[in-house]
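This report describes the fold of a predicted model. It covers the strands, the helices and the nonpolar core.

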Amino acid sequence: MPLFLDIHQHVDGLTAKAVAGAHQRDLEVQTKYGVKYLKYWLDEGSGKVFCLVEAPTKEAAAAVHREAHGLVADEIIPVQEGA
């Protein structure tokens with residue numbers, strides 16, 4: 001399955017707890033779209049969040065965020081895992 005990295009450039013009021021909650025909601029919705037959110041990283045100082053996701057399409061990955069919490073990524077890029 002294709003692998004994507006989604007990038008949220010600036011999430012207002014970003015906290016680790018809030019991102020953990022949003023990720024949990026993603027996990028609850030993801031199977032509906034054939035998606036699997038794998039990991040996320042955040043930087044509270046800049047408000048940036050990065051999510052690694054397996055999805056059939058980037059549109060499917062975006063649909064999960066849209067339904068789960070409304071925080072759709074600013075950019076979703078295809079990536080490949082390196083060694």
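## Sheet

Lys-48 in strand S3 is the bridge partner of Asp-43. Strands S2 and S3 are paired in the antiparallel sense, over 7 bridges.

This pairing belongs to an open sheet of 4 strands, in the order S2-S3-S1-S4, with antiparallel pairing. S2 and S4 are the edge strands, each of which pairs on one side only. On average, neighbouring strands of the sheet are turned by 20° against each other, direction ignored.

## Helices

Helix H1 lies across S2 and S3, and runs at about 170° to S2.

Helix H2 has a run of buried residues from Ala-60 through Ala-61, Ala-62, Ala-63 and Val-64 to His-65, and Ala-68 is buried too. The buried residues of H2 pack against H1 and against strands S1 (3-8), S2 (36-43), S3 and S4 (75-79). After H2 comes Gly-70, with a positive phi near 85°.

In soluble globular proteins, nonpolar side chains tend to be buried together. Here the largest nonpolar core has 18 residues, and Val-35, Tyr-37, Val-49, Val-53 and Ala-55 are those with the most contacts inside it. H1 (16-29), S3 (48-54) and H2 (58-68) are the elements that give two or more residues to this core. H2 gives the most, with 5 residues.

What does Ala-55 touch, not counting residues up to four places away in sequence? Its contacts are Met-1, Pro-2, Phe-4, Gly-34, Val-35 and Ala-61. Of these, Val-35 is also among the core residues with the most contacts, and Ala-61 is one of the buried residues of H2.

Methods
Residues numbered from 1 in each chain as written. Predicted model: local features only at pLDDT ≥ 70, side-chain atom pairs only at ≥ 80, totals over all residues. Heavy atoms only, no water. Core = buried A, V, L, I, M, F, W, Y, C linked by side-chain atoms within 4.5 Å. Buried < 20%, exposed > 50% of the residue type's maximum accessible area, 1.4 Å probe, protein only. Contact = heavy atoms within 4.5 Å. Pairing = 2+ DSSP bridges. Axes fitted to C-alpha atoms, helices over the stretch in contact; angles between N-to-C directions.
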